[in-house]
Each structure stands twice: as C-alpha cells, then as structure tokens.
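This report describes one protein model for a reader who has not seen it before. Please look over the sequence and the structure below before reading on.

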Amino acid sequence: MDMRNQSLDKHLLLQFKSGLREQQRELLHTIENAEKEVQDFSAPVPLDPIDLSCYTASKESLFARASQDRGRLRLIQQALERISDGSFGICAECEGPIGLKRLQALPWAIHCIQCQEKAEVARLAEHLNLDVTLPHSARVSGL
Ligand SMILES: [Zn+2]
C-alpha cells in the first residue's frame with residue numbers, strides 16, 4: 001500500500017526511530033535503578049509505626065512509578081515495532097494518517113486525533129450518564 005508512506009518519509013521515520021530508541025534506553029535505565037531501589041527497600045530494619053507508614057508510602061509510590069515507566073516502555077516498544085512493520089503513523093481505528101504534530105508530541109500514539117477525541121467523548125458521555133441520573137432522581141423525590 002502506497003498510502004503508508006504518504007504522511008511520513010523515510011527520513012522522518014528514522015528521526016522517530018532514533019528518538020524512540022533514545023527514550024527506550026533512558027527508560028530501561030530508570031527502571032533498572034528503580035528495581036534496585038525496590039530491592040534495597042525490601043530488607044527493612046525494625047520500624048516504628050510512623051516510619052513504617054512512610055516506608056509503605058514510598059514503596060508504593062516507587063512501585064507506581066515503576067509500573068508507569070514499564071507501561072511507557074511498552075508503548076515505545078510497540079511504536080518501534082510499528083516503525084519496522086510500516087504501520088507507524090497510521091490510525092489503528094480509521095487507518096487514516098495520524099498528524100505529524102501529534103506524532104511529534106506523542107510518538108507512541110496509535111489513534112489519530114479524531115478517533116482519540118471520539119473515544120474521549122464516548123467515555124465522557126458514559127461518565128455524564130452516571131452523574132446525571134443521580135441529581136435527576138433526587139429532584140424527582142424532592143417534589
Ligand atoms: Zn482515526
């Protein structure tokens with residue numbers, strides 16, 4: 001399909017690829033360090049309750065950060081895979097091109113801005129439905 005190369009030329013793809021590789025390297029490094037920190041955390045000396053809650057909180061935030069980093073790493077790896085199989089920059093939903101500006105801001109985006117917005121509006125509508133039913137029924141029972 002010729003469409004695939006319409007929005008992104010080889011030079012740009014290489015730029016994205018090296019940018020993503022760079023981020024991948026940095027993230028791997030960060031995750032490695034975080035894992036070392038977690039290991040250091042797992043052999044605590046006896047702690048009083050205040051220290052213990054501090055310890056638990058920082059351990060949890062460490063884990064949260066690590067899982068966030070892992071999630072991003074996965075996205076970056078998927079983006080690199082899409083670069084090699086030629087689907088990078090193509091919306092997974094409508095198969096239209098993802099805008100270059102969007103890719104530069106979010107190289108791991110898999111949806112074009114329209115599909116992303118549609119998904120967000122759908123999610124918001126779901127949310128609003130839940131929120132709207134409550135005050136409505138409250139108003140009815142108030143009458
Ligand atoms: Zn789309």
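## F16 and its surroundings

Not counting residues up to four places away in sequence, F16 touches L8, I83, F88, L100, L103, Q104 and P107, where contact means heavy atoms within 4.5 Å. The model is a predicted one, in which local features need pLDDT of at least 70 and side-chain atom pairs count only at pLDDT 80 or more, while totals for chains, interfaces and linings use all residues. Residues are numbered from 1 along each chain as its sequence is written, and side-chain values use heavy atoms, with hydrogens and water left out.

F16 lies in helix α1; helices (H or I, at least four residues) and strands (E, at least two) are DSSP runs, numbered from the N terminus. F16 counts as buried because its relative accessible area is 8%. Buried means under 20% relative accessible area, exposed means over 50%, and partly exposed covers what lies in between, with a 1.4 Å probe and protein chains only. From F16 to Q104 the C-alpha to C-alpha distance is 8.0 Å, although the two are 88 residues apart in sequence.

## The chain as a whole

The protein has four helices and zero strands, and its pattern along the sequence is α-α-α-α. Of its 143 residues, 24% are buried. Contacts between residues at least 6 apart in sequence include 61% that join residues at least 24 apart.

In soluble globular proteins, nonpolar side chains tend to be buried together. Here the largest nonpolar core has 19 residues, and those with the most contacts inside it are L8, F16, L20, I76, I83, F88 and L103. Both α1 (10–41) and α2 supply at least two residues of this core, and the largest share, six residues, comes from α1. A nonpolar core is a set of buried Ala, Val, Leu, Ile, Met, Phe, Trp, Tyr and Cys residues joined through side-chain atoms within 4.5 Å. I83 is in contact with L13, F16, K17, L20 and F88, leaving aside its neighbours within four places in sequence.

## Helix α2

Helix α2 spans residues 49–85, which is 37 residues, and reaches 53 Å from its first C-alpha to its last, close to the 54 Å expected at 1.5 Å a residue. That expected span is 1.5 Å times one less than the number of residues. The buried residues of α2 are Y55, L62, A66, D69, L73, I76, A79, L80, R82 and I83. Just after the helix, G86 takes a positive phi of about 85°.

R70 is partly exposed, with a relative accessible area of 36%, and it touches I31 and E35, not counting residues up to four places away in sequence. L75 is partly exposed because its relative accessibility is 33%.

| Pair | Apart in sequence | Apart in space, C-alpha to C-alpha |
|---|---|---|
| F16 and Q104 | 88 residues | 8.0 Å |
| R70 and I31 | 39 residues | 7.4 Å |
| L75 and Q24 | 51 residues | 9.7 Å |

## The zinc site

Which atoms coordinate the zinc ion? They are the SG atoms of C91, C94, C112 and C115, at 2.3 Å. Donors are N, O and S atoms within 2.8 Å of the metal (3.2 Å for Na, K and Ca); water is not among the atoms, so sites may look incomplete. The donors of the zinc ion follow the spacing C-x2-C-x17-C-x2-C along the chain. C91, in the loop between α2 and α3 (100–105), and C112, in the loop between α3 and α4 (113–142), are 21 residues apart and link distant parts of the chain. C91 and C112 are both buried.

The site of the zinc ion is tetrahedral, with angles of 106 to 115° among its four donor atoms. Four donors count as tetrahedral if all angles lie between 85 and 135 degrees.

E95 is also found in the loop between α2 and α3. E95 has a positive phi of about 60° although it is not a glycine, and it counts as exposed because its relative accessibility is 51%.

Notes
Tetrahedral: all angles 85-135°; square planar, octahedral: opposite > 155°, others 65-115°.
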